[in-house]
Amino acid sequence: MQTYIRSAFLSACIVGSSLVPTTVAAAKSDETTVQKTITIEIKKGEVLQIVAPESREDGKKAQQAYYQSVFPIAETLGYKRLAQMNVKQKVVSEYDPAALIFYSWPNKEAERWLYGHPKWPSLKASRPDAWSELKIYTETVQKDLTLRFDPTKYYSVVVAWFNAENPGDYERYLDGIAPAVERFGGRFIYKMRNPSFEAHASAAIAPGQITFVEWDKPDGFQRVQKSDEYKKHSKYFGTGLERFEFYWLEPKV
């Protein structure tokens with residue numbers, strides 16, 4: 001009974017939410033169309049890290065101190081800031097990040113070296129002074145990856161925690177709606193599967209997948225929801241997840 005209630009609730013969340021990005025639903029301006037596409041290229045074996053910060057109102061000085069202390073060390077190890085996707089709309093989430101920021105390490109060993117640095121424990125302990133929460137998702141890339149974020153497009157992301165009783169249902173849902181996504185101008189551009197996860201104010205339970213979709217038009221997913229594919233497979237969204245977060249993003253250029 002509890003599984004049914006959870007499934008029905010999750011399905012209702014995705015159906016009842018405003019899935020057209022309200023802050024970017026209007027046509028992109030001429031000024032936007034001349035802005036450059038952001039390209040990220042990551043090689044097999046490199047480590048991709050996505051950071052989702054929720055700032056404290058009084059945390060600016062602590063953030064600056066953290067960056068000034070951590071980044072010189074990390075950058076000597078090959079740590080790079082790649083891109084930033086600002087959160088334009090929080091559709092379903094109790095968390096309120098300002099952005100998803102992409103970073104990379106040249107390999108897992110470089111990341112471990114930072115975490116073994118003598119100063120690291122005190123630096124990490126300062127995060128709560130700067131952010132009310134700082135969620136970090138990390139994956140070692142298994143094959144060469146290129147991501148392009150075009151300011152004339154629209155981007156959605158779902159952070160999904162799988163239901164242990166039906167761990168394959170969410171992928172079944174995504175595979176089932178894929179033809180409709182493509183038909184209505186959408187593309188699955190990246191799926192971060194089984195990332196490692198850290199946070200200082202949340203339960204350290206990693207999501208099963210983070211899924212990024214690029215859309216040609218802001219109502220693309222809303223149109224998908226009216227398709228036969230969605231009607232047939234949406235039940236697997238409810239049965240496949242324990243919880244999820246859904247955001248609309250736009251690249252910071």
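A helix here is a DSSP run of H or I with at least four residues, and helices are numbered from the N terminus. Keep that in mind as you explore this predicted model.

**Stop 1: the largest cavity.** Start with α3, residues 60–76. This helix gives the most to the lining of the largest cavity, with five residues. The volume of that cavity is about 200 Å³. To find its centre, select Q49, Y66, Y79, R127 and I136, the closest to it of the 19 lining residues. Now colour the elements that give two or more residues to the lining: β2 (47–55), α3, β4 (99–105), α4 (108–115) and β5. In total, the model has three cavities of 30 Å³ or more.

**Stop 2: T138.** Next, move along to strand β5, residues 131–140, and pick out T138. Is T138 buried or exposed? Its relative accessible area is 6%, which is under 20%, so T138 counts as buried. Show side chains and look for Q49 again: its side chain makes a polar contact with that of T138, at 3.2 Å. Leaving aside neighbours within four places in sequence, T138 also touches other residues, among them V47, L48, K108, E111 and M192.

**Stop 3: helix α9.** Finally, select residues 228–240, which form α9. S234 is one of the buried residues of α9, along with others including E229, Y230, H233 and F237.

How values were computed
Residues numbered from 1 in each chain as written. Predicted model: local features only at pLDDT ≥ 70, side-chain atom pairs only at ≥ 80, totals over all residues. Heavy atoms only, no water. Buried < 20%, exposed > 50% of the residue type's maximum accessible area, 1.4 Å probe, protein only. Polar contact = N/O pair within 3.5 Å; in protein donor to acceptor, adjacent residues only side chain to side chain. Contact = heavy atoms within 4.5 Å. Expected span 1.5 Å × (residues − 1). 1 Å grid on protein atoms, 1.4 Å probe; cavity = no way out; pocket = protein on both sides within 12 Å on 5 of 7 lines; lining within 4 Å. Points joined across faces, edges and corners; volume = space filled by probe spheres on them.
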